[in-house]
Structure formats: structure tokens, C-alpha cells
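This report describes selected features of one protein model. The sequence and structure are shown first.

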Amino acid sequence: MGLPNGLCHDGQNRRLVAFPLMNRPIALLTALALLGGCQTFAPSAPDGNVPVEEPGTEATAKAPENYGSFSQETLLALLTAELAGQRNRFDIALSNYVQQANATQDAGVAERGFRIAEYLGAEQEALDTALVWAKNAPDDVDAQRAAAVQLARAGRYDEAMSYMERVRQRQGNTHFDFLALSAAETDPDTRAGLLQSFDRLLGKYPNDGQLLFGKALLLQQDGRAEEALELLETSEAKQDQSAPLLLRARLLQSLGRGEEALPLLKKGMERNPGDKRLRLTYARQLVELGRMDEARGEFSSLLQQFPEDDDLRFSLALVCLEAEAWREAIVYLEELIQRDAHVDPAQYNLGRAHEALGEVDDALLAYSLVGGGSDYLPAQARMTDLLVANGRGAEASRHLAEARDSEPEYALQLYLIEAESLSKQNKPDRAWDLIQQALKQYPGDINLLYTRAMLAEPRGDLKQLERDLRLILEREPDNAMALNALGYTLVDRTDRHKEGLELIQQAHDLNPEDPAILDSLGWANYRLGNLADAEKWLRQAFERFPDHEVAAHLGEALWAQGKQREARKIWRDALKEQPESEILRSTVLRLTGSEKP
């Protein structure tokens, strides 16, 4: 890979001229993110190289006739740098250009050094050369913008703003949003300082739409969505441009007002019919609102407009799956596989579609073709469940054993998948033996210890359960899952209720919104006779997760307080969803004397 096109002296007027180093394509990474779009310092040629101006072009005609005069030492260093670049010794090339940029203070040399540093991702060198370039080319808008970008990346926002103001003065408009975007990962104090810088400039240019847009971005990052939205709706922030429209839509969505974003986006699409970002955001907003048929139509239109966009094709396939349009989803997923795009997620979702249609063999084949990556383990889990559901449990175990041999990096997770499958098949002894085998291979693994603890409980081996959970807590005292599991077991299966409640309270402090922990907290209070507190916690758990076990607990707490009618209703509704729930049926039978609530 070569460097960007090079510079050397012509030997007579000692002028810097451009010449191509190599024919290999290169990428010059100087883009500024703009909500999915980009703005670059200079356009690139179709092959990815930095354009080389030919004599007589507009760019050449506008070049300043102010040539630098270099010493023999400087010229040798620059030529060495170019030769080093041809031989992939980018370290030498960059070092020489940075050194000579500082020594000569020549704008052309500094720009060349900056381009190389940007290409290599050398942040400090890019900053240093950009500042030299901007200093020695004060009327060059690209130089001032380059300095602003590098200063912003370095967190020097006030200085960056001063350079951007120079760009505004010379060009009449500029993009300040990149400064706000660059602050997204910084601390609140830094964002507050940058916000003050924006306000100072807005004092000079109160109607600058780009400044207002940048300030709105900062407010959004600071969690001040209402203020950001009000600023955009009442300001001169170019209401007909895409970026402010997209930000307004995002803010409305974050405020739970997604329906209001749709007409806003639709108007933007009418004004800018070719803007892909607006249409894509509109389609995604429809998905967020659950309007799947409309979303399918929008994604389909987008794909017709951009038939080579496989990201769109994959999004459309997922929308079809969500809308349960299985056959249509299969068409798009198979197209993706044929086009060698998103292959593993496409195979996984193809398996889901075939599974939904009852096409077991096709589903199993699709799952089996998912390669290593984020979709591999979900595919193995679904494949296992499908085999088990069709009476092929032995085949599932053989498959997982083979997978552990062929994909050893996933062996631990595959043990856990098989153990869960065996538990679902009501084969606890085989699941126990499998986890014991896994612990020999992975001694002390926390996931395996937790799984063994959960398998010990139905075996009545509470000592093993407590040993494993306490071993986990010795290593991870803030493991909320282990604290909750041990606390619930002590409350439910022993007379150590207060000790169990203390453990559950520790888990709740760590994870106050977890419905499983809320259920445990309610059940512990019930066992201790604190019925009002029990009802409070169990209601919170049931609101977040209306599970059959939570329903059994809440109903029992209500029953004990004389609220039998409400308890029966909760049980009836839960049994409609989980008619085979053993805990529900046993609770109803124990309290009412009948199997039906």
C-alpha cells in the first residue's frame, strides 16, 4: 500500500509539484461524521487516491504563486520520505515530513505530513502538522478546518472553535456539528466547557443554523433532550435540512413521542426525495412503533431504489420476520447468502423462518451452516431445542459433543446449552453428570458452578447448592445473581429466613430493577409474615415480568390478606399462559382445595 501522492522539487523554480508515487489505491481518512453523511477536506479520485492536479485545472490556477526555497538537506529528507513510503516504511516517511514541517514552516510540506499522519492514524503527528499548516496558510479553509478537527479530537475545544470561526469568516458557513460529536465520549465538565464555547459564538452569530444544530447535539449528549428539541424547533437551524430533521426525530423518539416524528420525517422526504437517511429513519421509526406492514413497504421501496445495499436487504428480512411474513423473509435471506453478505446471521434467521413454518429439516440445515461468531451459539441452542422437541434428544447430545470437539473455543458454552436441554427434557441426572464432566475440564468456572447449584436444588442437595454459590461469592462478592439464588433458597427451603432476606437485599441494592430479585424480596417478606411489604414487592415484580412463578407468589400473598377474588383472577390469567405450570397448580390446589382457581 502506498502513501498519498507525493511532492518534490522540480529542480528549477524550486516549486513543490505533485507526482504519483504508485498505482495502488489508497484511502485518505479525513472524513467528518455528519449523522450518517460525511464532509471531507478534499475530494478523492474514483480510485481512492488523492487527486493530482494537472496543469491548467481550476485547482492549479488558484494555487498561490508563493514557492518555498528549500535547502539541500530538506530536499534530501523529503525525497527520502517519499522513497520510504514506496517501500512501506511509513514510520520514516512520517518522521521526515513532521521534522521538515516544523523546520521549514512550509504549508505544503505540513499539509503533506498531515495527510500521511491522518492516513496512518498518528494522532499527535496529525495535530502537530495541521497546526503548522494552518499557521502558514491562514487563508486556506481546508487548513483551518484540519486544525479544528485535530484540536477537537485532542479535547482542546476552545482552540478548535477559534479555527472554525476563521472558516466561517472566510467561507460564510461551516459545520460545527463535528465538534459536538467529538465530545460524545467525554466527561460532563468537558461538554459543559464546549457548550459555553458554542454560546460565546452564538453571541456573535445568533442566527447561525449550524451553530444552533451543534449546540442541540451537545444538549442531547448531556441528557437535555427537551432543551435540544425546543432549540431546534424555535431556531434558524435550517428546518428543511436533513441533519436537524434527523436529530429532531431522534429526540422525539427518546422522549416517547415517536408518533410525532413520522409526519416530520415524511415532510422531509417530500422536500428531499433522494435522501436515503430520511427514508431509512422513517422506516425504522415505523418498526419502533410496531407498524410492521408499513415498515415492510418502506424498506421494500428503499431496496428497489438501492438494490445493491445488502444492509437494507437484511433489515427488510428482519422486518418480515417480525411481521411473521416467513416466506418473504426467506427470499431476502437466501438472496443475502447468494450474495455472500451477512451470511451467518442470514443462515440463523433462515433457520428461524423455516422453524416457524414447521420445516424442521430445512431449519436444522440452516442452523448447522452458521459459522463461528455471534450467531453460532444461538444457532446451536435453537438446533438443540428443535431436535429435542422432535424426539431426537440423543441426536442433539451427539451433535453438541461433536461441536465441542470441532469448536473447542465454544466448548464451555456448549456444555451449558446441553445441560439446559437435558433439564428441559426432565433428565436431571444426565444434566448433573454432564456438568460434573465440564467442571473437570473447566474447574472453578463460575457459570458451571452456578448451573450445578441450580441442578442441586431439585435433587434436594442444598449443601452442594450453598457450597457452589458461596464459592462464587467468595470470588465475586457483588454477584447479584448468586446472592439472590442463595437468599431465595434459604427463604424458600429452610428456616433461615432472615439470613436469606439479608442476601436478597444485597442483591437488590446491586440490581434494584431485576424482577427476579423483586420476586425474591416479596417472597422473603411473605415467609417472615410481612404481608403488606410482600404484596408491594411482588406487585412490582409482576408488573415487570408477569411470570407464572411470580403470579403464584403474588396470588398467595393476596390470599393470605383476604383478597381471594384478585388472587384467583391472577392465577386464572397465569394458567391460561402457562397451563402446565407445576408451581401454579400446586399453589392453587394447596390454598383452594381445587385444581382450578
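N484 lies in helix 26, helices being DSSP runs of H or I of at least four residues, numbered from the N terminus. At 10% relative accessibility, N484 counts as buried (under 20% relative accessible area, 1.4 Å probe, protein chains only). Apart from neighbours within four places in sequence, N484 is in contact with I504, A507, A516, I517 and S520, contact meaning heavy atoms within 4.5 Å.

The model is predicted: local features need pLDDT of at least 70, side-chain atom pairs count only at pLDDT 80 or more, and totals for chains, interfaces and linings use all residues. Residues are numbered from 1 along each chain as its sequence is written, and side-chain values use heavy atoms, without hydrogens and water.

**The second largest pocket**

Helix 26 also gives the most to the lining of the second largest pocket, with seven residues. Helix 22 (411–424), helix 24 (446–456), helix 28 (515–527) and helix 30 (548–560) are among the others that each supply at least two. In total, 26 residues line this pocket, and Y450, M454, E457, Y488 and E549 lie nearest its centre. The lining has twelve nonpolar, five polar and nine charged residues.

**Packing of helix 22 and helix 24**

The axes of helix 22 and helix 24, lines fitted to C-alpha atoms over the stretch in contact, come within 11 Å and cross at roughly 10 degrees. The two helices are therefore roughly parallel (angles under 35 degrees). L412, L416, A419 and S423 in helix 22 meet N447, L448, T451 and L455 in helix 24.

Methods
On a 1 Å grid over the protein atoms alone, a cavity is a set of points where a 1.4 Å probe fits but cannot get out, and a pocket is an open set with protein on both sides within 12 Å along at least five of seven lines; lining residues have an atom within 4 Å of a point. Ala, Val, Leu, Ile, Met, Phe, Trp, Tyr, Cys and Pro count as nonpolar, Asp, Glu, Lys and Arg as charged, and the others, Gly among them, as polar. Axes are lines fitted to C-alpha atoms, for helices over the stretch in contact, and angles run from 0 to 180 degrees between N-to-C directions. Angles under 35 degrees count as roughly parallel, over 145 as roughly antiparallel, 65 to 115 as roughly perpendicular and the rest as oblique. Buried means under 20% relative accessible area, exposed over 50%, partly exposed in between (1.4 Å probe, protein chains only).
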